[in-house]
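Here is a short report for a first look at a protein chain. Keep the sequence and the structure in view while reading.

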Amino acid sequence: MTHEFEVRESIEIEAAPEQVWEAIATGPGVDSWFMGRNEIEPGEGGRTRMTLAGMTEEATVTAYEPGRRFAYRSDESPEGTFMAMEYLIEGREGGGTVLRMVHSGFLGDDWEAEYEAMSIGDLMYLRKLAVYLKYFPGRTSTFNLFAVGPRVPAARAWSAFGDALGLPGEPAAGAAVRLSVEGLPATGGVVEWADRGFVGVRTDGGLYMLLHGHLDTVVVEYHHYAGDLDTGRLETAWGAWLERAFA
């Protein structure tokens, strides 16, 4: 049995509409704030592909109006489930952009947990997009980390996040942090947002998001925008941290 859903969000972004368009309607742009590796064929009827953890999801572009509107709809599963995304871009007088998003479709039997995860996660990813465009304009991510950890209670996840960030308590927006993970040099940063299981941390070279998400799973995401990076070392260090912090 399928269940219809819809999530609506909007966010103000300190970037021009053209910059927002590049970030939501091109593969390198989406790579710079969202999950996985993304490909987008421009134009209505084009195909999109997101590859994450060895799996690829495809969709068809249903609206393509540069600087104004971008939408796509995933292929329908045998059970009749699918997802559709629509982005509406509106320039603000005096500068900046309002981005409106509609996430809709039909979910399957586990629809309640999926809907709850999306109703929270959609806004958190929009916040990541806004931070990316504000602090790293004109750059695209040269490396993405998506490290999946165990399922743990929320309190345990937030405690571990605080420890990794060098904070005495739970992370809070605006807090200066010192990201300390064994195997990597300590890195200064600032908490851009901390809400409902998601913590966004900006450093000089990139953007982290530590999250306690769907089915209580811990995930570490990182997008790197500047300078050389030992990607193998970073992946190994965060993988070891996930094992050690939640052993």
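Asp 216 is partly exposed, with a relative accessible area of 39%. Partly exposed lies between buried (under 20% relative accessible area) and exposed (over 50%), with a 1.4 Å probe and protein chains only. Asp 216 sits in the loop between strand S12 (206-212) and strand S13 (217-224). Its phi is positive, about 65 degrees, although Asp 216 is not a glycine.

Arg 196 is not a glycine either, and has a positive phi of about 50 degrees. Its loop runs between strand S10 (187-195) and strand S11 (198-202). Arg 196 is partly exposed, at 43% relative accessible area.

## Basis of the model

The model is predicted: local features need pLDDT of at least 70, side-chain atom pairs count only at pLDDT 80 or more, and totals for chains, interfaces and linings use all residues. Residues are numbered from 1 along each chain as its sequence is written, and side-chain values use heavy atoms, without hydrogens and water.

## The chain as a whole

The chain has five helices and 13 strands. These are DSSP runs: helices (H or I) of at least four residues, strands (E) of at least two, numbered from the N terminus. Of the 247 residues, 47% count as buried. The C-alpha atoms fill a box of roughly 45 × 45 × 30 Å along the principal axes.

## A loop aspartate

Asp 110 lies in the loop between strand S7 (97-107) and helix H3 (111-135). Asp 110 counts as partly exposed, at 40% relative accessibility.
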